[in-house]
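Please look over the sequence and the structure first, then read on.

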Amino acid sequence: MVDETSDGDAPDDEDLADEWAKALEEQDEEASDEAVSDAFEKAQLEELQDDSEAAPTILAANPDGPDLTVILDIPVVLSMEVGGTDISIRELLQLNQGSVIELDRLAGEPLDVLVNGTLIAHGEVVVVNEKFGIRFTDIVSQHERINNIN
């Protein structure tokens, strides 16, 4: 039987040790990046939960914390929810033009205003220049919004 580990094709112990060292360094860097990201998110939540600061102060540059002004230009999806209902697929397939679906809200009840699926306010429908709009009647507090995220 011939020992093939001594030829140039198989990695030697030194190469394996180098590869393991690189892999461990990368793993440490990833863990460090995750820890920094977690600390940043925690700092953001703590700043938002502090009711003693006003919203403009939270978004202003802070020498002791992250500059949150960079998030001001991030696009978000704003939607208004009139109401909802549960129907079966059979009922859904039977819908056609003129069908009416009864919703779980009363007529005249405020609409929910959602940003990326999170409730931020209630409002009522208005018409502005022949287009629909919404007038905010109630804004959900920062504390409630943060609790809804968690």
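Is Glu124 buried or partly exposed? Glu124 is partly exposed, with a relative accessible area of 36%. The model is a predicted one, and the values below are computed from it.

**Overall make-up**

The protein chain holds four helices and four strands. Read from the N terminus, its elements follow the order α-α-β-α-β-β-β-α. Of the 150 residues in the protein chain, 10% are buried. The accessible surface amounts to about 12600 Å², and carbon and sulfur atoms account for 53% of that area. Taking contacts between residues at least 6 apart in sequence, 31% join residues at least 24 apart.

**Salt bridges**

Side chains of opposite charge can pair when their charged atoms come close. Two salt bridges are found in the whole structure.

| Salt bridge | Closest N and O atoms |
|---|---|
| Arg105 with Asp112 | 2.4 Å |
| Arg135 with Glu124 | 2.8 Å |

In the salt bridge of Arg135 with Glu124, the closest N and O atoms are 2.8 Å apart. This pair links distant parts of the chain, with Arg135 in strand β4 and Glu124 in strand β3, eleven residues apart. Arg135 is partly exposed at 46% relative accessibility, and Glu124 is partly exposed at 36%.

The other pair involves Asp112, which forms a salt bridge with Arg105. Asp112 has a relative accessibility of 13% and so counts as buried, the cut-off for buried being under 20%.

**Surface patches**

Where does negative charge gather on the surface? The patch consists of Asp12, Asp13, Glu14, Asp15, Asp18 and Glu19. Among these residues, Asp18 lies in helix α1, which covers residues 13–49. Asp18 is partly exposed, its relative accessible area being 42%.

A nonpolar patch on the surface is formed by Val82, Ile87, Leu92, Leu95, Ile101 and Leu103, which together have about 470 Å² of accessible area. One of them, Val82, sits in the loop between β1 (78–81) and α3 (89–93). With a relative accessible area of 48%, Val82 is partly exposed.

Pro110 is in the loop between α3 and β2. Its relative accessibility is 38%, so Pro110 counts as partly exposed. Along the chain, Pro110 and Val82 are 28 residues apart, while their C-alpha atoms are separated by 8.1 Å. Leaving aside residues up to four places away in sequence, Pro110 touches Arg105, His122, Gly123 and Thr137. Arg105 is also the partner of Asp112 in a salt bridge.

**Positive phi values**

Which loop holds Asn116? Asn116 is in the loop between β2 (111–115) and β3 (118–128). Asn116 is not a glycine, yet its phi is positive, at about 50°.

Glu130 also has a positive phi, near 65°, and is a residue other than glycine. The loop between β3 and β4 (131–139) contains Glu130. Glu130 is exposed, with a relative accessible area of 78%.

How values were computed: Residues are numbered from 1 along each chain as its sequence is written. This is a predicted model: local features need pLDDT of at least 70, side-chain atom pairs count only at pLDDT 80 or more; totals for chains, interfaces and linings use all residues. Side-chain values use heavy atoms; hydrogens and water are left out. Patches are made of residues with over 30% relative accessible area and no salt bridge: like charges are joined within 9 Å, nonpolar side chains (Val, Leu, Ile, Met, Phe, Trp, Tyr) within 5 Å. Accessible areas come from the Shrake-Rupley method with a 1.4 Å probe; for residues, only the protein chains shown count as cover. A salt bridge is a side-chain nitrogen of Lys or Arg within 4 Å of a carboxyl oxygen of Asp or Glu. Lys and Arg count as positive and Asp and Glu as negative; His and the chain ends are not counted. The place of a charge is taken as NZ of Lys, CZ of Arg, CG of Asp or CD of Glu. Helices (H or I, at least four residues) and strands (E, at least two) are DSSP runs, numbered from the N terminus. Buried means under 20% relative accessible area, exposed over 50%, partly exposed in between (1.4 Å probe, protein chains only). Contact means heavy atoms within 4.5 Å.
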